[in-house]
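Visitor: Hi! Could you walk me through this one?
Guide: Happy to, here it comes.

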Amino acid sequence: MSPEVDSRKRQTAIHRNDPNPFFDQQFKFPVSHEDLQDKTLILQVFDYDRFSRNDVIGEVRVNMCDVDVTSSIEIWGDITKHKKPPEELQEILLSLSYLPSAERLTVVLLKARNLFCPQEKESIDPFVKVYLLSNGKRVKKKKTAARKCCSNPVWNEALTFNISSSNLSHSSVEICVMYQGNDLIGNPPLLGSCVIGPHEEGPGQEHWADMTQSPRKAVAMWHTLR
């Protein structure tokens with residue numbers, strides 16, 4: 001409701017894999033009939049994402065001054081497509097988990113979005129190279145398969161590294177998103193990267209801390225590629 005009448009956000013149940021959902025749910029707002037005339041009811045439709053923020057598909061706005069609420073009525077409205085910001089950030093979604101008994105770190109590369117395509121190329125074949133760092137130095141590396149012609153790739157690939165519990169506080173992982181270039185001899189071009197570890201700042205440090213505090217549990221988070 002706009003202007004707001006309280007701080008609550010009403011939300012329906014999630015309907016999975018259903019392009020024609022039937023919700024049949026009711027919500028109440030603490031507003032008088034007189035004040036209702038100046039309000040706008042906003043209904044936003046979201047695409048649920050279990051790992052991160054939900055994406056807004058679109059919305060319907062109903063001017064309450066045009067509606068007779070003294071009786072029950074049914075209203076259909078066209079969903080207006082949600083406009084995204086003109087500049088989107090390159091981001092990657094990955095999960096981390098550490099198994100103390102096996103002293104094994106698992107990095108699962110889930111997906112990325114808004115990968116920038118260089119001007120000289122019509123499309124890119126992105127993949128991820130993960131470096132294990134010890135005291136800031138690269139000691140091991142592994143990579144995913146490439147996804148053909150995709151700016152929003154989905155990998156769902158797990159890469160594992162052996163790290164002793166005593167070295168965990170000195171370790172970190174560097175995530176490099178690259179794409180296959182025409183030159184098979186040189187290094188693949190870099191689209192963006194991020195580092196996750198105990199001595200980083202912001203999401204990089206937060207993700208590592210969440211992983212170490214929840215052993216054996218996969219912790220997923222989005223990271224901005226720079």
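Visitor: What is the relative accessible area of Asn114?
Guide: Asn114 comes out at 23%, so it counts as partly exposed (buried is under 20%, exposed over 50%, partly exposed in between; 1.4 Å probe, protein chains only). Before we go on, this is a predicted model, where local features need pLDDT of at least 70, side-chain atom pairs count only at pLDDT 80 or more, and totals for chains, interfaces and linings use all residues. Residues are numbered from 1 along each chain as its sequence is written, and side-chain values use heavy atoms, with hydrogens and water left out.

Visitor: Where does Asn114 lie, and what is its phi?
Guide: Asn114 is in the loop between strand 5 and strand 6, and its phi is near 60°, a positive value in a residue other than glycine. Strands (E, at least two residues) and helices (H or I, at least four) are DSSP runs numbered from the N terminus. For background, most residues other than glycine have a negative phi, and most peptide bonds are trans.

Visitor: Which peptide bond is cis?
Guide: The one from Ser2 to Pro3, with omega near -5°. Pro3 belongs to the segment before helix 1 (33–36).

Visitor: Switching topic: how many residues does the largest nonpolar core have?
Guide: It has 28, and Ile92, Val107, Leu109, Val173 and Ile175 have the most contacts inside it. A core here is a set of buried Ala, Val, Leu, Ile, Met, Phe, Trp, Tyr and Cys residues joined through side-chain atoms within 4.5 Å. Elements giving two or more residues to this core include strand 4 (91–99), strand 9 (171–179) and helix 2 (203–213). Apart from it lies another core of 6 residues, among them Met1, Val60, Val62 and Met64.

Visitor: What does Val173 touch?
Guide: Leaving out residues up to four places away in sequence, the partners of Val173 include Leu105, Val130, Cys194 and Trp208; contact means heavy atoms within 4.5 Å.

Visitor: Last one: is Thr40 buried or exposed?
Guide: Thr40, in strand 1 (residues 40–47), is buried at 16% relative accessible area.

Visitor: Which side chain does the Thr40 side chain make a polar contact with?
Guide: That of Asn63, at 3.4 Å. Polar contacts are N or O pairs within 3.5 Å; within protein, one atom must be able to donate a hydrogen and the other to accept it, and residues adjacent in sequence count only if both atoms are side-chain atoms. Beyond neighbours within four places in sequence, Thr40 is also in contact with residues including Met1, Ser2 and Val62.
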